[in-house]
Amino acid sequence: KPYRMYHGRKVPGFPQHPHRGFETLTATIDGLVDHSDSLGNAGRYGMGDNQWMTAGKGVVHGENFPLVSSTEDNATRFFQIWLNLPAKSKMVDPTFVMHWAS
């Protein structure tokens, strides 16, 4: 049985939530991710794209998995690496960088 993430009744994913003091690297394999954050960044990525987010002194963001097909599964495969920032870097300004597959 496949694992399913649903927060809410219609859109799967992780609604807006805070991060602070670390970095995340999100590497997509298949499917799409919609990202938005409190810095004003927003966009859709997937199919081999990678996102590097430094939370630093704090950012609120959400990751949702759009249901783009009504006739096929909307599977999303990705992994995420969390890196704890060293004490001297925990309060750096948050940043966001995309690394596009193409």
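This is a predicted model: local features need pLDDT of at least 70, side-chain atom pairs count only at pLDDT 80 or more; totals for chains, interfaces and linings use all residues.

A: Residues are numbered from 1 along each chain as its sequence is written, and side-chain values use heavy atoms, with hydrogens and water left out.

Q: Which order do the strands of the open sheet have?
A: Strands are DSSP runs of E, at least two residues long, numbered from the N terminus; two of them pair if DSSP finds at least two bridges between them. Here four strands form an open sheet in the order β7-β2-β5-β8, paired antiparallel. β7 and β8 (95–99) are at the edges with a single partner strand each, so one side of each has no neighbour in the sheet.

Q: How many bridges join β5 and β8?
A: Five, in the antiparallel sense. M53 has F96 in β8 as its bridge partner.

Q: Why does I29 count as partly exposed?
A: Partly exposed lies between buried (under 20% relative accessible area) and exposed (over 50%), using a 1.4 Å probe and protein chains only. I29 falls in that class because its relative accessibility is 38%. I29 belongs to strand β2 (residues 22–30).

Q: Where is K57, and what does K57 touch?
A: K57 sits in the loop between β5 (50–54) and β6 (59–64). Contact means heavy atoms within 4.5 Å. Leaving out residues up to four places away in sequence, K57 touches R20, K90, M91, V92, D93 and P94.
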